[in-house]
Amino acid sequence: MKFTTDYLKHDDRLYRHIAPQPLDNPKLGLLNHDLIKKLGLGALNDSEWTDVISGRLEPLAKLAPHGLQPIAMAYAGHQFGQWAGQLGDGRGLLIAQLQDDDGKLTDLHLKGAGRTPYSRHGDGRAMIASTVRELLGGHALNHLGVPSSDAIGFVVSDTQIRREYFERSAALLRVSDCHVRLGHFEWVAMYAPDYFTDFVHKIAQSYYPTLYNNGTTDVTALLSAIARNTAQMIARWQLVGFSHGVMNTDNLNITGTTLDFGPYGFMEGFHPAWINNHSDHTGRYTYQNQPMIGHWNLATVFRKFGHLVSQSEIDNALDDYENTLTDSYYRGLLGKLGFVIPDDKPLDDTDDRLHLAFEFLEILQQHKLDYTNGFRALIAVVNGDQNLENTDKNHAHEYKLLSQFTLSLPHAHHHQWHEWQQRYLSCLAKNAQSKADTIAQLQHANPVYILRNHMAQKAIDLALMDDFSEVKRLFELLKNPYQSNPISTADDTRMALSDEQVAVSCMS
């Protein structure tokens, strides 16, 4: 990895140079040493990283041949479907970019760095609660196999901020392949239209280099690539039960990597219309609406390209979004039932296996059963009767989940559940898969652990008292979410109690 200043090639109307405002008496909460090593930044020790994350950039600047030039980005966006005008980095700074031997970029973005020209009425700081949630949320998604920002680490401090009451602030050093948002195109189209074509070319050069050649870009292919990557990301969200909560055009980037963890949530009891964002009064950003909102966002932004491509080409890109999302979701859903689907085998909604999958989702929804545990319990269904002498006695966790699943059903529905299991096993047999292959696929597609809200809240409550032990335990647990871990507790796999099922505030 080498340091680069790739984004500074853009017109300087798109950013402002600004130094972070250091936090008082910072205390290190957690460092992601695996990520630090991957980025080739192991030369800094814990104390130096504490300085960097708290806004004192000198240790990192010494590693960059030409120092650091932190900037706040300008962008715009539609928020809850309404044009919001200029937005921009109000609490964060792009402090550095790294580039690997293949030209792939990695951004280091300091969140909670103080006021910027785009802060509006904000103070540019971050709460400890929102910082811990973002750290754990991005970490969880990455290890679930969902493209997402990550973090080098976070600090807490004695710098006071006012939210509902005065509290201490924190900072997070976020890492992502891209901080260019759909809203960047909207900002350029509105406030620097003379630069739009050049912006498109330079963005393609940085993030889709195969579509860029000698100053020209295949814009049609660029729109389709952005659409497909966004579709794959959202399909993966749906498969792990993740609800982003605030899918504004300024909160989605152009590479299909999850960004901006605000009032997100991992679904527990299967309720597709669950509102996890306290500010989402109409339910615009519910889990079930995410595929539709992704399409709406892309359609809204792609209209800005009307002078570069035809409407039919825009429509084709949006069709690519729909087709990619549907295919990715269908394949993933069948994978969650243990079916191994060759990449070259086409799927459509007439597939009997998909009918089984949708019936299973209906059972989960009708009886408000846990989404993650419900799918994981299928391992026990496939493995067979635990009491038979010739049955593998492993998978104790999954047999426990299956027992809980069955006991949660009203007695009148036991026959329906039994009948579904028989058809499911029959379908697996027709698919000519061995039991071992099916169980391996089920283990690969269905995690044991997700970041449940009560897990995150316990870590936050302790972090507020400078006890980071639970943050670190969850960070370790979520590294391998598809395998049972001896450091887990009963709370890590139980569904939320009624008083824990809350919508999360946007306040950060």
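These legends accompany close-up views of a predicted model. Local features need pLDDT of at least 70 and side-chain atom pairs count only at pLDDT 80 or more, while totals for chains, interfaces and linings use all residues. Residues are numbered from 1 along each chain as its sequence is written, and side-chain values use heavy atoms, with hydrogens and water left out.

**View 1. Helix α4 beside helix α17.**
Helices (H or I, at least four residues) and strands (E, at least two) are DSSP runs, numbered from the N terminus. Helix α4 covers residues 128-144 and helix α17 covers residues 469-477. Their axes come within 9 Å and cross at roughly 15°. Axes here are lines fitted to C-alpha atoms, for helices over the stretch in contact, and angles run from 0 to 180 degrees between N-to-C directions. α4 and α17 are therefore roughly parallel to each other. Angles under 35 degrees count as roughly parallel, over 145 as roughly antiparallel, 65 to 115 as roughly perpendicular and the rest as oblique. The crossing of α4 and α17 is right-handed. A crossing is left-handed if the near helix is turned anticlockwise from the far one by less than a right angle, and right-handed if clockwise. From α4, Val132, Leu135, Leu136 and His139 meet Val471, Leu474 and Phe475 of α17. The residues of this contact are six nonpolar, one polar and no charged. Ala, Val, Leu, Ile, Met, Phe, Trp, Tyr, Cys and Pro count as nonpolar, Asp, Glu, Lys and Arg as charged, and the others, Gly among them, as polar.

**View 2. Helix α17 and its surroundings.**
Buried residues of α17 are Glu470, Val471, Arg473, Leu474, Phe475 and Leu477. Buried means under 20% relative accessible area, exposed over 50%, partly exposed in between (1.4 Å probe, protein chains only). Against these buried residues pack β3 (27-31), α4, β10 (150-162) and α16. Contact means heavy atoms within 4.5 Å.

**View 3. Helix α4 crossing helix α16.**
The axes of α4 and α16 (residues 453-463) come within 9 Å and cross at roughly 130°. That angle makes α4 oblique to α16. The crossing is right-handed. Ile128, Ala129, Val132, Arg133 and Leu136 of α4 meet Asn453, Ala459, Ile460 and Ala463 of α16. By class, this contact has seven nonpolar, one polar and one charged residues.

**View 4. Leu144 in helix α4.**
Leu144 lies in helix α4. With a relative accessible area of 7%, Leu144 is buried. Leaving aside neighbours within four places in sequence, Leu144 contacts Val240, Phe266, Pro447, Tyr449, Pro481 and Tyr482. Gly40 is 104 residues away from Leu144 in sequence and 24 Å away in space, C-alpha to C-alpha.

**View 5. The covered helix α5.**
Helix α5 (residues 182-191) is mostly covered, with seven of its ten residues buried. The buried residues are Leu182, Gly183, His184, Phe185, Glu186, Trp187 and Val188. Their cover includes strands β4 (71-73), β5 (76-79) and β6 (82-86). It also includes helices α6 (196-207), α7 (219-240) and α8 (290-302).

**View 6. Helix α10 against helix α14.**
The axes of α10 and α14 (residues 414-430) come within 11 Å and cross at roughly 155°. That makes α10 roughly antiparallel to α14. α10 passes α14 in a left-handed crossing. Arg353, Leu356, Glu359, Phe360, Ile363 and Gln366 of α10 meet Gln416, Trp417, Trp420, Arg423, Tyr424 and Cys427 of α14. This contact has seven nonpolar, two polar and three charged residues.

**View 7. Phe360 and Phe405.**
Rings of Phe, Tyr and Trp (its six-membered ring) pair if their centres lie within 6.5 Å; planes under 30 degrees apart count as stacked, over 60 as edge-to-face and the rest as tilted. By this rule there are 28 aromatic pairs. The ring centres of Phe360 and Phe405 are 5.9 Å apart and the planes lie at 5°, so the pair is stacked. Phe360 sits in α10 (residues 352-366) and Phe405 in α13 (residues 396-408), 45 residues apart. Phe360 is buried at 0% relative accessibility, and Phe405 is buried at 5%.

Arg120 has a positive phi, near 55°. It lies in the loop between β8 (105-111) and β9 (126-127). At 53% relative accessibility, Arg120 is exposed. His395 has a positive phi, near 65°. Its place is the loop between α12 (378-383) and α13. His395 is buried, with a relative accessible area of 16%.
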